[in-house]
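Here are my notes on the model you passed along. Have it open while you read.

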Amino acid sequence: MSGASTSHSSASPEPSWFPNSVWEPAPGNSVSRPARDGKRSFPEARSQTEFGNEGRCSPWRLAAWALLLLAAAGCRQQMAKQPRYNSMSESPFWGDNRSARPLEAGTVARGHLRNPAVLFEGIEGTRWWNTRVATRFPFQVTETELKRGQELFNIRCAVCHDRVGHGQGKVVQRGYVQPPSYHLEPVRSQPVGHYFRVITHGWGAMPSLAEEVPDVVDRWSIVAYVRALQASQDESFLKSLVDKEQGR
Ligand code: HEC
């Protein structure tokens, strides 16, 4: 390095922007440029060596990187080029010249056959003018479903509705909106499909539990258990349910 405090390229034949060596402070580099007025010594202004070639990239290095990138972009494996059809393109292979084949008759996307509606949506009727919330269970409820419903109810619903359904679950005791008791007439008189739909889609302040209870039969089992809870608090209610809602 020549004279630490001399001004850089003033006497040099190179263009003014080009540093004489990597050690030479680069012009315009505020970190390493010595004070122009010469009052501050160069080491005080922090030398180039301390920071390396910080903030600068030589044009040669840039060019080298660009070349490398270009070369790398040119690489391609044979597997990338395979015979294929673009969507909706023509094909002489089939008689109708279509590469996209029509679905086989009766094809159903997996998990998309949501039929019968009463099982999946809790609604009865097959046409828009006669659909209504289901008033009966889509299947005969047995002890197995009730047990399953009890298990799921205590896991999923009791936190808010409590285990008997009075709406005093732990979450509610700590400040969540209090649900109405299942044993109140306005709730009790709802058809079973309504309960199914409340679980599936949520209801007012209650979130949907469709993801927590993905199986629709499980949801119906919970509904059956809610009915059992209601019956447990009122025997006459039980009698009124059995012939009204059971089976199809
Ligand atoms: C996070 C708390 C929470 C959970 C969990 C929860 N509920 Fe609710 N539920 C509520 C609240 C709050 C209401 C009152 C909603 C309103 O009226 O705005 C409610 C209302 C209801 C109603 C009454 C709907 C009506 O017609 O007024 C039923 C039935 C019900 N829930 C069933 C269930 C079942 C079954 C489960 C479990 C699968 C469940 N809930 C899980 C909070 C919850």
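1. Ground rules first. This is a predicted model, in which local features need pLDDT of at least 70 and side-chain atom pairs count only at pLDDT 80 or more, while totals for chains, interfaces and linings use all residues. Numbering starts from 1 along each chain as its sequence is written.

2. The overall layout: the protein chain has 9 helices and 2 strands, where helices (H or I, at least four residues) and strands (E, at least two) are DSSP runs numbered from the N terminus. Along the sequence the order is α-α-α-β-β-α-α-α-α-α-α. Of the 248 residues, 17% count as buried (20 or more other C-beta atoms within 10 Å of the residue's own, with C-beta atoms placed from the backbone).

3. What sits around the ligand? The shell has 24 residues, and C157, C160, P179, G204 and M206 come nearest; to be near, a residue needs its C-beta atom, placed from the backbone, within 6 Å. Two or more residues come from each of α4 (143–161), α7 (192–201) and α8 (216–233). The biggest contributor is α4, with 5 residues.

4. By class, that shell has 20 nonpolar, 3 polar and 1 charged residues. Here Ala, Val, Leu, Ile, Met, Phe, Trp, Tyr, Cys and Pro are nonpolar, Asp, Glu, Lys and Arg are charged, and the others, Gly among them, are polar.

5. Now the largest nonpolar core, which has 22 residues; Y195, I222, V223 and V226 touch the most other members. Such a core is a set of buried Ala, Val, Leu, Ile, Met, Phe, Trp, Tyr and Cys residues joined through C-beta atoms within 7 Å. The elements giving two or more residues to this core are α4, α7 and α8, and α8 gives the most, with 7.

6. Take a look at V226. Leaving out residues up to four places away in sequence, V226 touches F153, G165, Y182 and Y195 (contact means C-beta atoms, placed from the backbone, within 7 Å).

7. Finally, α8 and α9 (residues 235–245): their axes come within 5 Å and cross at roughly 140°. Axes are lines fitted to C-alpha atoms, for helices over the stretch in contact, with angles from 0 to 180 degrees between N-to-C directions. The pair is therefore oblique, the label for whatever is not under 35 degrees (roughly parallel), over 145 (roughly antiparallel) or 65 to 115 (roughly perpendicular). R227, Q230 and A231 of α8 meet F237, L238 and L241 of α9; that makes 4 nonpolar, 1 polar and 1 charged residues.

Note on methods. Two residues are in contact if their C-beta atoms, placed from the backbone, lie within 7 Å. A residue is buried if 20 or more other C-beta atoms lie within 10 Å of its own, exposed if 12 or fewer, and partly exposed in between; C-beta atoms are placed from the backbone.
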